[in-house]
Amino acid sequence: MTVKIFDTPEVQTFIRTIAGFDQNGGSDRAKHIVQRLVGDLFKLIDDFNVTEEEYWATVNLLNALGSQTQFGLLSPGLGFDHFLDMRHDAIDAEAQLTGGTPRTIEGPLYVAGAPEAEGFARMDDEGTEGETMWLTGQVRNVDGTPIAGAKVEIWHANDKGGYSFFDPSQSEYNLRRTIYTDGEGRYTARSIIPSGYGVPEGAPTDVVLKALGRHGERPAHIHYFVSAPGHQHLTTQINLAGDPYTFDDFAFATREELVIPAERIESPEEIARRELDGPFSEVVFDVELTAAAAPELQTRHIRPRAKEDEQDLASKLAGTAKV
């Protein structure tokens with residue numbers, strides 16, 4: 001079909017009306033964003049000759065994504081989360097904020113309010129199955145100076161790929177802890193080796209990925225928020241080396257510097273020193289934070305999360321959250 005109507009004055013005027021430019025109220029920024037968004041989609045329909053059947057099938061898919069709260073899962077799958085990280089990397093480079101541990105995506109499964117500990121925490125409930133993991137590291141600034149009292153928030157899946165709070169078979173904060181580093185900037189957690197997970201078969205996100213010829217698998221990984229006064233807040237995660245999906249992550253979260261080996265320890269002396277019952281795997285992840293004077297760089301960005309903590313709630317009440 002050769003019919004193209006996008007560039008006609010009627011359609012261009014229609015788009016401006018949709019975006020509210022003929023109205024006095026509303027947000028000027030929102031109007032320009034909607035004008036661009038609707039305009040790009042109209043042009044796509046024109047350029048690809050999108051049929052009514054295709055359009056309404058897409059509307060139905062969007063409804064399914066919303067009803068199953070899967071937009072937060074599809075977002076990294078379509079690269080939006082990683083693209084935002086790429087922009088932040090470029091912003092840091094322009095501001096000459098160099099060095100530090102690389103950031104990567106947060107994902108949709110953080111829950112505020114995890115139990116807190118000083119220096120060491122056990123993350124797994126007594127009944128949690130899986131290979132014992134000894135997770136440890138040091139938080140430093142880019143000059144190598146240890147940062148005492150840094151806040152290290154850690155969360156990961158169980159050995160079946162499920163996350164507490166979202167998985168009713170687990171207690172609310174299983175495999176979630178906040179650890180404040182000791183005087184040498186070190187944190188240590190006893191936990192279990194997590195499993196990767198896949199997008200649920202037949203779910204809306206799976207439908208989208210399969211239409212693109214892609215899978216929905218994630219490698220075994222461990223999420224981190226790390227923060228300290230005077231330093232830029234870090235959102236990152238590590239991937240465990242050797243997972244078949246380490247470099248084929250549907251969420252595009254893998255960064256070379258964040259692939260960490262899990263070393264199998266069978267030494268009776270090391271087992272006894274950690275007061276464990278048998279062999280375990282040790283994962284060492286050191287973190288470097290860059291200096292940042294601006295308060296807004298020292299805290300994580302505001303976004304909808306499963307639970308709000310006091311920091312997020314206060315920021316929203318103060319009107320700092322942007323739509």
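In what follows, Ala, Val, Leu, Ile, Met, Phe, Trp, Tyr, Cys and Pro count as nonpolar, Asp, Glu, Lys and Arg count as charged, and the others, Gly among them, count as polar. The model described here is predicted. A search of the whole structure finds two cavities of 30 Å³ or more, and the count of salt bridges comes to 23.

**The largest cavity**

- The largest cavity has a volume of about 80 Å³, and of the 15 residues that line it, the closest to its centre are Pro 76, Gly 107, Pro 108, Tyr 197 and Arg 218.
- Sorted by class, the lining of the largest cavity holds nine nonpolar, four polar and two charged residues.

**The second largest cavity**

- The second largest cavity contains about 40 Å³ of space, and its lining is made up of Tyr 110, Val 111, Ala 114, Glu 153, Ile 154, Trp 155, Arg 176, Arg 177 and Thr 178.
- At least two residues of the lining of the second largest cavity are supplied by each of β4 (151-156) and β5 (176-180).
- By class, the lining of the second largest cavity divides into five nonpolar, one polar and three charged residues.

**Packing of α3 and α6**

- Two packed helices are described by the angle between their axes and the distance between the axes.
- Helix α3 (residues 52-67) packs with helix α6 (residues 204-211) at an angle of about 135°, their axes lying 8 Å apart, and α3 is therefore oblique to α6.
- On the α3 side the contact involves Leu 61, Ala 64 and Leu 65, which meet Pro 204, Thr 205, Val 207 and Val 208 in α6.
- The residues of this contact between α3 and α6 comprise six nonpolar, one polar and no charged.

**Salt bridges**

- Side chains of opposite charge can pair when their charged atoms come close.
- One of the 23 salt bridges joins the side chains of Asp 89 and Arg 103, with 2.7 Å from N to O.
- This pair links distant parts of the chain, since Asp 89 belongs to helix α5 (residues 80-94) and Arg 103 to the loop between α5 and β1 (116-118), 14 residues apart.

Technical notes: Residues numbered from 1 in each chain as written. Predicted model: local features only at pLDDT ≥ 70, side-chain atom pairs only at ≥ 80, totals over all residues. Heavy atoms only, no water. 1 Å grid on protein atoms, 1.4 Å probe; cavity = no way out; pocket = protein on both sides within 12 Å on 5 of 7 lines; lining within 4 Å. Points joined across faces, edges and corners; volume = space filled by probe spheres on them. Helix = DSSP H or I, 4+ residues; strand = E, 2+ residues; numbered from the N terminus. Axes fitted to C-alpha atoms, helices over the stretch in contact; angles between N-to-C directions. Parallel < 35°, antiparallel > 145°, perpendicular 65-115°, else oblique. Contact = heavy atoms within 4.5 Å. Salt bridge = Lys/Arg side-chain N within 4 Å of Asp/Glu carboxyl O.
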